[in-house]
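Here are my notes on the model you sent.

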Amino acid sequence: MEGSVGAPAAGEGRRPRDLRADFFRGIALWFIFIDHIPDNWLGHATLRNVALCDATEAFVLLAGYAAGIAYGGVLDREGWLFAAAQVVRRVGTLYVAHIVLFVMFTAQVGYSAAAMDASIYIDELHLDAFGDQPYRALLEALLLRFQPAFLNILPLYILLLLQFALVLPLVRRPRLLLALSLGLYAATRLLELELPTWAGGGWFFNPGAWQLLFMVGVVLGYRPPGAAAGPLRVPWRRWAGALCVAWLALGFALLFLAWHRPDLGQAAPLWFTGVLTEVDKTALHPFRLVSILALTYLLAHAVPASAAWLRHRAAWAFLAMGQQGLPVFCSGILFSFVGRLALEYNDRVIMQAAVNAAGLASLVAVAWLSGWYKRKERARRSVPALPPGRPA
Amino acid sequence: MRWWSPRVAIRSRGRPPGAARPPAWGRRAFLAAALALAAAPAPFAPAPFAPAWAAAPTSCEAPPELLDNAAPLPATERALAEGALRVLVVGSASVLGPGSSTPAHAWPARLEASLHESRPALRLEVKVRGGRGLTAADMLPLIEGATSPPPHLVIWQVGTVEAARGLEPDWLAGRLATGLEGLKERGIDAVLMDQQFSRFLRANADINAYQDTIRIAAAGQGAAVFPRYELMRHWADTDRIDLERAPRAGRAAMVDLLGDCLGGAIAAFVLRGASLAAGPRP
């Protein structure tokens, strides 16, 4: 997502853009849109159906990866303070985006309740905190302590970036960074640390745990100046690949028996199907962490950065989406509101197809427009700067 | 702190009856925005079920594959064989039958009636414990406190309040595991029941996450999930029972019909679970 800021990352041809990261982030953003619409049929085709991890994990890992590339580069050129200031500026953008989405979501709930004449439900559910305590709800939303359904990824991302700004220089000492990060992860899980929410309990995504995945991405993404490779090499080993495949197969077997076909799962021993009840997403259970890392390992080695299909026209849409992470993410959340309302009105096959087609087309359009605008603006800014700055 | 606590929950909601209906233009604009596709009649019927009763649109027969997921209910089976069955129904508001004409039309009462009908000689006792806005944690003591004599079967309706309030699904998973484990230790059968189908709830809450949690919790303890959500969606899709689309005047009758249909379906589900425990597994 940071890579999409463009300026720092796409520096003067120092390092070719890793199209794989863009492509898979594009896919993850698309999946996030799909999974944010309950009962969307395409939701049966996303990552969460086949692996014990989903688009959220992919998104956070790749966000870390892009942050490592972009802000790592700024750190090396301009120093900690400047790079941290840039991260904080990005956090400000995310915060504003989150609040705007929050306001829209609140309006959606109100509209939806009126349109469906849902008094019978809304009364039972008191879904709208605004009906109860509007001022309090607003305050708690601003404090990120009130995160309505589907609005829990941006708060996580904000916290992850703030943590990252603090430890930025440690990207040069990846082992120390990972050790600290692992320590915080372990402490969060073992001591059950959490950030409180208004409703009681913790955040939907616990930043203390999820930061580990982000930092892994950072370390994988960072390149010291002049170095061809990152400080941490993860070379291909056949046995490691086999382990990853076995792990993912195990995860799929668990999902299949406990979730897809619990009727068949009755034949399996309970200790086996019971494993899944322990696998939480909130604090990124190690099972999920290992699953996304295994998937990444396999994909990163199966798809070389030079793969021809990444430059094929069919891949373009997802590349564009991945490169314009923030606008695409935010508009994806927004489009999913519209999609949910559309399915609320009618959830038959035509509407399902229309929502998904319109959703994907809109995401691609946002990506294209945003990329086009940034290129244009960059060109415009650099043109008048040239003549006076350079004699002949 | 807990903004949903019962104290706070008893309140007057903003809209007085009849006031501030949604402006018609808003709805129309939305419909237009909804890609103008709504106007096209969707030729889709979810699944071709037995045509015999598909012809009768008021029927609330359940598609067989939805009720196939019954798990064996050994304690219920023994109780049926002995001629006396005690059932405890625990849940949030829907167990009390809000919106129906009398409490006797709520699904737990209809379950009792339906079981009576199929097993007239059975001495049957159905207790209902629950209330509006109860979370799984609030229900645990109701389940654990059911002693002297303990029930043979607990039907635990759960997951709606958690989804509506956006509580962590993992929090729900923990409570479900505790409850189901306790029941298993006491030799009591358990059937979980998921949310009602509601387009409104679906549009405004991350409902699939909580359904997954219920499903996985049940699979982890060998319990069954009664697929209320899928059933109600089927009834809505086939224009049989659709609370959200029912005209105001006919709503109470439709809520009654829903209670009747659900009660009958659960009774069938329970009897099937008992027969699974009796005979050799198919």
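Predicted model: local features only at pLDDT ≥ 70, side-chain atom pairs only at ≥ 80, totals over all residues.

1. On its other pairing, β4(B) runs parallel to strand β3 (residues 153-157) of chain B, with five bridges between them. One facing pair here is B:Leu153 and B:Asp189, the latter in β4(B).

2. How many residues of β4(B) are buried? Five of the five are, so the strand is largely enclosed by the rest of the structure. B:Asp189, B:Val191 and B:Met193 point one way from β4(B), while B:Ala190 and B:Leu192 point the other way. In a regular strand, side chains alternate between the two faces of the sheet. Both groups in β4(B) are buried, B:Asp189 included.

3. The whole sheet is open and has five strands of chain B in the order β2-β1-β3-β4-β5, with parallel pairing. The edges are taken by β2 (123-130) and β5 (224-226) of chain B; each has a single partner strand, so one side of each is left without a neighbour in the sheet. Neighbouring strands are turned against each other by 25° on average, direction ignored.

4. Another helix of chain B, α11 (residues 207-221), lies across β4 (189-193) and β5 of that chain. The angle between α11 and β5(B) is about 145°.

5. For chain B as a whole, the secondary structure comes to 13 helices and five strands. Of its 282 residues, 49% are buried. Among contacts in chain B between residues at least 6 apart in sequence, 81% join residues at least 24 apart.

6. Which residues touch the most other members of the largest nonpolar core? Out of 183 residues in that core, they are A:Leu62, A:Leu213, B:Val154, B:Trp156, B:Val191, B:Leu192 and B:Ile266. Helix α2 (residues 55-78) of chain A gives the largest share of this core, 15 residues. Apart from neighbours within four places in sequence, A:Leu62 is in contact with A:Ala21, A:Phe24, A:Arg25, A:Ala28 and A:Gly217.

7. Now the helix packing in chain A. Helix α1 (residues 19-35) and helix α16 (residues 325-345) of chain A pack at about 20°, with their axes 9 Å apart. The cut-off for roughly parallel is under 35 degrees, so α1(A) is roughly parallel to α16(A). The crossing of these two helices is right-handed. On the α1(A) side the contact is made by A:Arg25, A:Leu29, A:Ile32 and A:Phe33. On the α16(A) side it is made by A:Gly325, A:Val328, A:Phe329, A:Gly332, A:Phe335 and A:Ser336.

8. Helix α10 (residues 238-260) and helix α14 (residues 286-302) of chain A pack at an angle of about 130°, and their axes are 9 Å apart. The two helices are therefore oblique to each other. α10(A) passes α14(A) in a left-handed crossing. Residues of α10(A) in this contact include A:Ala240, A:Gly241, A:Cys244 and A:Trp247; those of α14(A) include A:Val290, A:Ala294, A:Tyr297 and A:His301.

9. Two loop residues of chain A deserve a check of their backbone. A:Leu144 has a positive phi of about 60° although it is not a glycine. A:Leu144 is in the loop between α6 (134-142) and α7 (153-167) of chain A. Is A:Leu144 buried or exposed? It counts as buried because it has 22 C-beta neighbours inside 10 Å, where the threshold is 20 or more.

10. A:Leu284 likewise is not a glycine and has a positive phi, of about 45°. Its place is in the loop between α13 (275-278) and α14 of chain A. With 26 C-beta neighbours inside 10 Å, A:Leu284 counts as buried.

Terms used. Residues numbered from 1 in each chain as written. Chains lettered and ligands numbered in written order. Core = buried A, V, L, I, M, F, W, Y, C linked by C-beta atoms within 7 Å. Buried ≥ 20, exposed ≤ 12 C-beta atoms within 10 Å, placed from the backbone. Helix = DSSP H or I, 4+ residues; strand = E, 2+ residues; numbered from the N terminus. Contact = placed C-beta atoms within 7 Å. Pairing = 2+ DSSP bridges. Axes fitted to C-alpha atoms, helices over the stretch in contact; angles between N-to-C directions. Parallel < 35°, antiparallel > 145°, perpendicular 65-115°, else oblique. Left-handed = near helix turned anticlockwise from the far one by under 90°.
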